Amino acid sequence: MSDYRPPVKDMQFVINELAGLADIAALPGYEEATPDLIEAVLEEAGALCAEVIAPTNVVGDEQGTRVEDGQVRVPAEFHAAYQQYVEGGWPSIVNNPDFGGQGLPKLVGAAVEEMLQTANLAWSLCPMLTQGAIHCIEAHGSDELKQIYLEKMISGAWTGTMNLTEPQAGSDLSVVRSQAVPDGGVYRVSGQKIFITWGDHDITENIVHLVLARTPDAPAGVKGLSLFLVPKYLVSGDGSVGEQNSVTTVSVEHKLGIHGSPTCVLDFQNAEGYLVGELGKGLACMFTMMNSARLGVGLEGVSISERAYQLALGWALDRVQGRAPGGKESVAIVEHPDVRRMLLTMKAETEAMRALAYVAAGHLDHATHASDAEARAFHQARVDLLIPLVKGWITENAQVLTSLGVQVHGGMGYVEETGAAQYMRDARILTIYEGTTGIQAGDLVGRKILRDGGAALTTMLDEMDATAAACKAAGDELTTVCESLTAAVSSAREALAWLLANAKADPANAGAVSYHFLMLLGLVAGGWQMARAALIATEKLAAGAADNDFYAAKILSARFYAEQSLARVSGHAGTISSGSATMMSITVDQLRGD
Ligand SMILES: Cc1cc2nc3c(=O)[nH]c(=O)nc-3n(C[C@H](O)[C@H](O)[C@H](O)COP(=O)(O)OP(=O)(O)OC[C@H]3O[C@@H](n4cnc5c(N)ncnc54)[C@H](O)[C@@H]3O)c2cc1C
């Protein structure tokens, strides 16, 4: 048993009230997603995560992973947890029923994913990468590949990996060098891939690698990239696992955090592989799963912040130090206003982040399942706009929130034994993999805003203003929420106007302001969700809802977010109007101090 308590109440509130489960359950294919079923799923997932997976977290951090005779070994406790996860049918909850999946909405999958990640982030990366690979094979694989691989992967019997990165090809995949040479009906794949998450392990009998490589006559750049499925062990016609393919684990990385996740250097030497999708469309195949993969990493930011908050709160309730304002007795540090500032920042911002991520998951369900093409297009445009915020803003914020978790612990946060330091170390990767914050910010400003002249963003800002107006009408308790959201949306409109007016004038302007744009919009979008939450909570209280403490706390969280978090928006807006001139004027010699 661990000290992790899944925040099921808040998850249910967000799923039902903010992301609109009822509307999603009305979509074709999702009829079984009734509130009762979802409640049962969350309760059971919560029990698995708290009782079985969370206790493996510290073990994984302390033991890490190792290579023995070319085979990666992970802690024994990880095996037992994985077995229970598979026996409970958890790997398949959102997958296609044609291949053994349970076909539940992505929104429900997001909540379960959050719990798995909060329980043990390093462990959860294995199922997460497998889901990405399943998604890709399902969308682009041949019928034969689907028949051989999908059922095994969906059941959890085999896991999957994504092999993109090479030493010279990180953010820039156009320079990938791995080769795939046609050989009869298959390909011989050669090259070195680095940083491959769960690239090897001893938990399942096979691992399915998806590898980005280029055929010998392929053009340079991204147009020459194709995707290949390369199993660790070749699979016979009857589906049984046969001889080992020529994929070798060179090493596992020693790294700052997520010690329980094997980050592998893999060497492919004429390994047998099979084309996924069309030749030259490898990157496009990867992009079909990008939104759900980036949503998954954004959820990791929610998860690690939730765990850090729970730990910090427990400490603040126990640790006695100093006197409360105006008091004479020694008190627990939770009574100090500055400790409250830290705890409430963690609580309110984690709630805002969860709401934004789940709302994005809900739009993803509409975008894939709505029967009306216009509705699908609207929701897809909203997903496209929200995903860089979910990945970029949430994971950047997780750095601050997990650091606050250390701060609440004082010196005991800096030493390892309380666990606060692990969350801060584990969180650090989130802004780097699946596209760094710089890449998310560039995507937001370039593809999602400038490309349509800010149209999709303006529609969303109009919806935010409507929420602010509803808060005004709801009465005095939401005055701060209304005023702060109105001011923040106005700053966002000014920043958008500046971007539209100045992006062409200087090609460096968009890149120079993109981070601040991302953080500004993330903060505003989080504030919007908190305002919506506060409105619903006000209505529930007025209607005499049973859970009045939860709703009263939600209103206080929203007010705190409005007072403290939305106040940061104007800082980002002011910076945006400075553009690129100063940062691009400094010379390399001046950077060096020569
Ligand atoms: C623990 C871990 C697990 C990983 N798992 C996987 C995996 O499973 N599969 C896989 O294929 N890869 C994986 N990666 C690789 C990861 O996706 C890359 O590290 C990441 O994409 C960044 O590439 P890079 O490290 O080469 O950094 P670089 O691309 O060299 O970036 C360095 C800095 O330059 C900035 N930068 C670069 N280009 C631009 C640009 N065009 N505009 C603005 N800023 C830019 C970046 O934002 C960053 O701050 C993993 C990495 C780690 C550390």
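1. Basis. The model is predicted, and local features need pLDDT of at least 70, side-chain atom pairs count only at pLDDT 80 or more, while totals for chains, interfaces and linings use all residues. Residues are numbered from 1 along each chain as its sequence is written, and side-chain values use heavy atoms, with hydrogens and water left out.

2. Overall fold. The protein chain has 22 helices and 13 strands (DSSP runs numbered from the N terminus: helices are H or I of at least four residues, strands are E of at least two). Its radius of gyration is 24 Å, close to the 25 Å that the globule rule gives for 594 residues, so the chain is as compact as a globular protein of that length. The radius is taken over C-alpha atoms, and the rule is 2.2 Å times the number of residues to the power 0.38. The C-alpha trace spans about 75 × 60 × 60 Å along its principal axes.

3. Packing and surface. Of the 594 residues in the protein chain, 56% are buried, meaning under 20% relative accessible area (1.4 Å probe, protein chains only). Among contacts (heavy atoms within 4.5 Å) between residues at least 6 apart in sequence, 75% join residues at least 24 apart. The chain exposes about 23900 Å², of which carbon and sulfur atoms supply 53%; accessible areas come from the Shrake-Rupley method with a 1.4 Å probe, and for residues only the protein chains shown count as cover.

4. Ligand shell. The ligand is surrounded by 16 residues, each with a heavy atom within 4 Å of it. The closest are Thr165, Ser171, Phe195, Thr197 and Thr436. The shell divides into eight nonpolar, seven polar and one charged (Ala, Val, Leu, Ile, Met, Phe, Trp, Tyr, Cys and Pro are nonpolar; Asp, Glu, Lys and Arg are charged; the others, Gly among them, are polar).

5. Polar atoms at the ligand. Nitrogen atoms of the ligand lie 2.7 Å from a polar backbone atom of methionine 162 and 2.7 Å from a backbone N or O atom of phenylalanine 195. A polar side-chain atom of threonine 436 is 2.6 Å from a ligand oxygen atom. The protein covers 59% of the 970 Å² of accessible area that the ligand has on its own. The elements giving two or more residues to the shell are β3 (158-163) and β5 (186-197), and β5 gives the largest share, three residues.

6. Aspartate 443. This residue lies in helix α15 (residues 437-450). Aspartate 443 counts as buried because its relative accessibility is 4%. Leaving out residues up to four places away in sequence, aspartate 443 touches Arg294, Pro388 and Lys448.

Terms used:
Polar contact = N/O pair within 3.5 Å; in protein donor to acceptor, adjacent residues only side chain to side chain. Buried < 20%, exposed > 50% of the residue type's maximum accessible area, 1.4 Å probe, protein only.
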